[in-house]
Amino acid sequence: MEKHDSTAEHKEHGYGIYILVWLGLLALTGVTVAVAGINFGGITVATALLVASVKSFLVLKIFMHLGAEQKTFKIFVLVALSFIIISFVLLFSDYSFI
Amino acid sequence: MNAQEQAAVHVHRDDVGARMGMWLFLFTELLLFGGLFFLYSVYRFVNQEQFHIAAKELNTLIGTFNTIILLTSSLTMALSIAAIQRNNKSLSVFFQALTILLAFGFLINKYFEWSIKFHHGVFPGSEILLNKPKGEILFFGLYYVMTGLHGLHVIIGVVLIAIMTRLTIKGVINKDSYVKLESAGLYWHLVDIIWIFLFPLFYLIT
Amino acid sequence: MSTDATTISTNDHTSFLDYQGKYKGIRGWIFSTDHKRIGILYLIGLLSFFAVGVTFGFLIRLELLTPGKTIVDPQTYNSFFTLHGVIMIFLFVIPGLPAVFGNFFLPIMIGAKDVAFPRINLLSWWLYIIGGILVIVSILLPGGPADTGWTFYIPYSVRTTTNVIFTGLAAFILGFSSILTGLNFVTTIHRLRAPGMDWFKMPLFSWALYATAWIQILATPIIGITLLLIVVERVFGVGLFDPALGGDPILYQHLFWIYSHPAVYIMIVPAMGVVTEIIPVFARRTIFGYKFIAFSSIAIALLGSLVWAHHMFTAGMSSTAQYVFSLLTFLVAIPSAIKVFNWTATLYKGSIQLDPPMLFALAFIFLFSIGGLTGIVQGALSVDIHLTDTSFIVAHFHYVMFGGTGFGIFAALHYWLPKMFGRMYNMKVAKVGFWFFFVGFNTLYFPLFVMGWLGMPRRYYDYLPEYTIYHQISTVGSWILITGLIIIYYNLIKSLRSGERITARNIWGGETLEWQIETPPIHENFHEIPTIRTGFYEYKMNDEVVEKEEVK
């Protein structure tokens, strides 16, 4: 375990990557606003959530440095997300069926 | 100093552990809002038309503007950490202050949004709201609770970052010790992520 | 982290009880960040709140001694069972083992000096105390204590004029305390294990605490938001659960149980961990199936998060939801059963020492099995329709929570208290107390199974005459149980003041690290952080096992 290097060099990002991601986030925001105007029904919701998920992934990976952290952190995030998603699915077993 | 006092002076430091603690705390925040997102999903599923109609009363422009503000504040927060990593104290302080400014911008927008709604008589318990169809009442109930709770977290974030700004100025946060700033940054990014989901769900379902 | 940071003066033999730090006197305790002192602070709170909860239980049973009014009116009775539930669940069983024994022994068991975030640990305790005080305050303020049951079901919890807001806020704060403890333990176990203390060398109590900590982190916020919404509904009339405003009361129940079911695993998994530590020691054997027990703790945490709606089979859910949750409920019994099998296998051909900790641990297995099996019975939809909201359910959860976790807490007390304080209790008196407790427990709760099957509803103030005999047996059982508790309290508290002093490190022959350090432990637990070179439960410090030194 890497407990010994708790003060070790933290992977540094250049300023540039952050600006790039920011531009990407703005672009995605534009996409999601534009799509909302076009009424595809259920697909609009799915698209909106998909775009939001991509944006969140970028924030997690680059801004929050999840990409540079130990594997443990990534597993943690997966555990938390799984808990939410599975609870959500089970909850809907009560609402999407008679 | 005797051996015991000497040992006591050496403070245990674990940056990875500190970040781990903050990530775990973020999960609790995610789940706190998660419960509300569950509510939103069920009620929207059952009241699709009325959610549509109610959402029209929200101003998409202000919502989009607020989204851009928050995304930019995440950028400035990330840049403040990159700056301190490069020993650029004043730049880091600048970016942190900018983050706080943007956060205030967000809050001011929110304040105006809510005021307009209140002015139109659309708030929990109001006569106008109670006369609307049930789905719309639910929509606005969720709107106020979710954006309200989110706004509360923005305020907490502002306080946290302000503390970090002070610590950076004093030199407590520096090139060799900046995990506090990283933790505050993590918190702030989560506040941003929550808004990333709130935005389409309330403003873009027309 | 470098190892020099962990070496301290080898001449320091002061016990943590006498250590003088930054603060003196009582401030040295309530502002202490020493995990051992915090564990003891929790213990004081725990035993105090438990006594209050038991008093309410006593009053409930007294009222039920005869049909109709016995000592109080129905409104008061409703508050009694509400407070009994709130205090027992949020102030006793949920914090219970992690807050007291997890705090005290987890760092020691993994070879650390303290938890990852000692100051947050102190904050957890302060939040616990504040939450407890709020509950007490809710009883005294105008409006009276809440009468909704600890489940705060909508719409009554929004309509009642009693102090639901205070109780709800108290539970919110207590939830926050629980979250911080969980967060602390996960980080501690990941980051502070001693060199050589790999995951599969950790004691199984640590594994139990790890699984529990994850549930604390992930599930608790859900009840946090749910309670907040009740407060918001009462204060601002937002109406997210109010049918008149389009809300769905069943959705409230979903949100409530998404936490409150995993919460029962927060309660039981650490108790199973304690039993897993005690059985091998008092059977003079190595635990059977180390990895199975470790993984079963994780499996319980996982599966236990997927079964919540089995509390809602008769609430009005869709049939699909009923089938799904019934199936998942049967699955969650499997990892628990695995543990029972492993404990039994550990006992086989062992040299059983029936000292007080072992008595409580064996009772746990017996009582938890009854409780667990009656739980499976309720998982069957057709049977549950008949049994829901009867005293069968009350008997079931008391067997698992009280017969399980309750006995687990007393097992832990009898096992570890001598280590924590360096004082021995009277073993004969302890056994007398145990038998009163055990006999009283079964006399109190077993009739509830029969009565429930015959149709006696739960939370009812009055009942038909045909149930009277069962109620009377049960109430007498409560008196026997309370006698046992008084004997146990007296014995343990007396031992702290005037019990025989012990300095022997290993009075039971245990094999985990706490039995190799001083009694009571020194301030930083170890003179030097050990390096573990052997397998699980073979820990040696300085390459020498500290053998059992009996206390006569």
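**Notebook: helix packing and chain contacts**

I began with chain C, where the axes of helix α9 (residues 249–283) and helix α10 (residues 290–304) come within 9 Å and cross at roughly 170 degrees. Axes are lines fitted to C-alpha atoms, for helices over the stretch in contact, and angles run from 0 to 180 degrees between N-to-C directions. Helices (H or I, at least four residues) and strands (E, at least two) are DSSP runs numbered from the N terminus. I therefore recorded α9(C) and α10(C) as roughly antiparallel to each other; the cut-offs are under 35 degrees for roughly parallel, over 145 for roughly antiparallel, 65 to 115 for roughly perpendicular, and oblique for the rest.

I next listed the residues of this contact (two residues are in contact if their C-beta atoms, placed from the backbone, lie within 7 Å). α9(C) contributes H261(C), P262(C), Y265(C), V269(C) and T276(C), and α10(C) contributes I293(C), S297(C), I300(C), A301(C) and G304(C). I sorted them into six nonpolar, four polar and no charged. Here Ala, Val, Leu, Ile, Met, Phe, Trp, Tyr, Cys and Pro count as nonpolar, Asp, Glu, Lys and Arg as charged, and the others, Gly among them, as polar.

I noted that this is a predicted model, in which local features need pLDDT of at least 70 and side-chain atom pairs count only at pLDDT 80 or more, while totals for chains, interfaces and linings use all residues. Residues are numbered from 1 along each chain as its sequence is written, and chains are lettered from A and ligands numbered from 1 in the order in which they are written.

I then turned to chain B, which has eight helices and zero strands. Its radius of gyration is 21 Å, whereas a compact globule of 206 residues would have one near 17 Å; the radius is taken over C-alpha atoms, and the globule rule is 2.2 Å times the number of residues to the power 0.38. The C-alpha atoms of chain B fill a box of roughly 75 × 30 × 25 Å along the principal axes. I found 49% of its residues buried (20 or more other C-beta atoms within 10 Å of the residue's own; exposed is 12 or fewer, partly exposed in between; C-beta atoms placed from the backbone).

I looked up the interface: 31 residues of chain B are in contact with 31 residues of chain C. On the chain B side, α1 (3–9), α2 (15–46) and α7 (134–170) each supply at least two residues. The largest share, 15 residues, comes from α2(B). I recorded that side as 19 nonpolar, 10 polar and two charged.

Lastly, I checked chain A, which has three helices and zero strands. Of its 98 residues, 27% are buried.
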